[in-house]
Amino acid sequence: MTEIFDFGDDLGPTKVIHVYEPSIELRAILVIDNVAAGPSVGGVRMAPDVSVEECFRLARAMTMKNAAAELPHGGGKAVLFGDPKMPARDKQKLLRAMASSLRNVEDYIFAPDMGTDEVCMAWVKDEIGRVVGLPRELGGIPLDEIGATGWGLAHAADVAASFCDLALRGARVVVQGFGAVGKHAARFLIDKGAVLVAASDSRGATFNADGLDIHALMDLKQAGKSVSDYAGGTRLEPEAVIDIECDIWVPAARPDVINEENVHRLRSKMMIQGANIPATAGAERSLHESGILCVPDFIANAGGVICAAMEYQGAGESMVFPVIEDKIRRNTRSVLDAAASQNILPREAAVDLATKRVKRAMNYRRYSLFSSAPGFV
Ligand code: NAD
């Protein structure tokens, strides 16, 4: 494998498929990383420029996330090349053609990601049926609308608080990226007694040490405005939320927002990672050394995929919250206990937990009988 790609290891990837259909300018990549636990689930990202290697990294992140959450699914990811804002009819043609080309690749279940949504998944359902993240009318559970990921983040924060002598009641929260993940994380933390003191979006930020009115902020976003238009707070640049002293800092926007250049500015007791890879590896180590507790992305933000996996099995909306709560609380505790007892980073403990689960699942497969690789019995 290393002769073909300079990525990959004993977990995967198991398949890399390129889809090319010149007649409609369809170009896509599917990376299926590991399917020991079951068919892979991972979103279709629509973007003009994503490499095979990046697709693999995203697929591996799904292997880790699904294994940590003990879902009967492996990890995969697909990229559809194109502008996600293209006319809906053209987008529909591409999604339908992509699904149709991958009709027989049964170890990949389509899901939404950046640039695709539940409408796109409805087209996939119509073509091949193997999909999650559907509209309500088709039996889907609208995970962003109900705040599945935010619910999990609030529980991760609740468990992590006990590891740094913090009470959620009165804890000051800053949310970077007041979108589907960030706003619901804030809402559920406020329900637990925390105070949202700052929030940002791509256009600006707002700050009030006495607390922001979450419903007023949500109304502003609903009306297409920025949180910085909120009348009850001081208007700031988006970047300024990094400097606001708080107890819980929730990144819920972009990757690598905390890096070696700005990590020293963060003054918080903990970081609960809503976004995927919001901090670079070096920044995460610095946070650890300065005593800021991090709950890693694929442990804290698994609420969405847990919800999607339950939808695939036909669960109803009311069933998902208790399951997300249980899984994320258990995993957060295991990871933080292991990190503390072994004096390692929470991310190292999380990768260890997920990798062991993947390897145990691999041991249940027939091919383990023929393997001499370490870890197989
Ligand atoms: P979203 O588009 O609903 O929200 C993102 C928010 O971030 C928007 O308000 C946007 O204005 C803001 N933003 C963008 N750039 C910013 C910047 N530089 N500074 C401040 N704010 C900025 O997206 P989402 O679904 O909430 O996802 C957010 C992140 O969480 C992404 O990294 C996504 O991959 C990850 N994630 C999402 C889910 C889910 O269930 N939606 C699950 C796991 C991980």
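A: A crossing counts as right-handed if the near helix is turned clockwise from the far one by less than a right angle, and as left-handed if it is turned anticlockwise. The model here is predicted. By that convention, helices α10 and α11 cross in the right-handed sense.

Start with that pair. Helix α10 covers residues 303-312, and helix α11 covers residues 317-342. Their axes come within 10 Å and cross at roughly 130°. An angle between 115 and 145 degrees is neither roughly perpendicular nor roughly antiparallel, so α10 is oblique to α11. On the α10 side, the contact is made by Gly303, Ile306, Cys307 and Met310. On the α11 side, Met319, Val320, Val323, Ile324, Lys327 and Ile328 make it.

Helix α2 (residues 88-101) packs against helix α3 (residues 118-127) at about 45°. Their axes are 9 Å apart. α2 and α3 are therefore oblique to each other, and their crossing is right-handed. From α2, the residues that meet α3 are Ala88, Lys91, Gln92, Leu95, Arg96, Ala99 and Ser100. From α3 come Cys120, Trp123, Val124, Asp126 and Glu127.

Now the sheet. Five strands form an open sheet in the order β1-β2-β4-β3-β5, with mixed pairing. β1 (15-21) and β5 (108-112) are the edge strands, and each pairs on one side only. From one strand to the next, the twist averages 20°. Helix α1, residues 52-68, packs on this sheet. α1 touches β1, β2 (26-34), β3 and β4. The direction of α1 makes about 145° with that of β4.

Inside the sheet, β3 (residues 40-47) and β4 (residues 75-81) run parallel, joined by five bridges. Arg45 lies in β3. Its opposite number in β4 is Val79. Is Arg45 buried or exposed? Arg45 is buried: its relative accessible area is 12%, and the cut-off is 20%. Leaving out residues up to four places away in sequence, Arg45 touches Leu58, Ala78, Val79, Leu80, Asp113 and Met114. One of these, Met114, is 69 residues from Arg45 in sequence, yet the two C-alpha atoms are 5.1 Å apart.

Next, strand β10 (residues 248-251). Both of its faces are covered. Ile248 and Val250 are buried on one side, and Trp249 and Pro251 are buried on the other. β10 also has parallel partners. Strand β6 (residues 172-176) runs parallel to β10 and is joined to it by four bridges. There, Gln176 has Pro251 as its bridge partner. β10 also pairs in the parallel sense with strand β11 (residues 270-272), over two bridges. In that pairing, Ile248 is bridged to Met270.

Last, the cysteines. How many disulfides are there? The count is zero. A disulfide needs two cysteine sulfur atoms within 2.5 Å. For Cys55, the nearest cysteine sulfur belongs to Cys120 and is 17 Å away. Cys55 is buried, with a relative accessible area of 0%. For Cys294, the nearest cysteine sulfur is that of Cys164, 11 Å away. Cys294 is in no disulfide either, and it is buried at a relative accessible area of 6%.

Methods. Residues numbered from 1 in each chain as written. Predicted model: local features only at pLDDT ≥ 70, side-chain atom pairs only at ≥ 80, totals over all residues. Heavy atoms only, no water. Pairing = 2+ DSSP bridges. Axes fitted to C-alpha atoms, helices over the stretch in contact; angles between N-to-C directions. Contact = heavy atoms within 4.5 Å. Buried < 20%, exposed > 50% of the residue type's maximum accessible area, 1.4 Å probe, protein only. Parallel < 35°, antiparallel > 145°, perpendicular 65-115°, else oblique.
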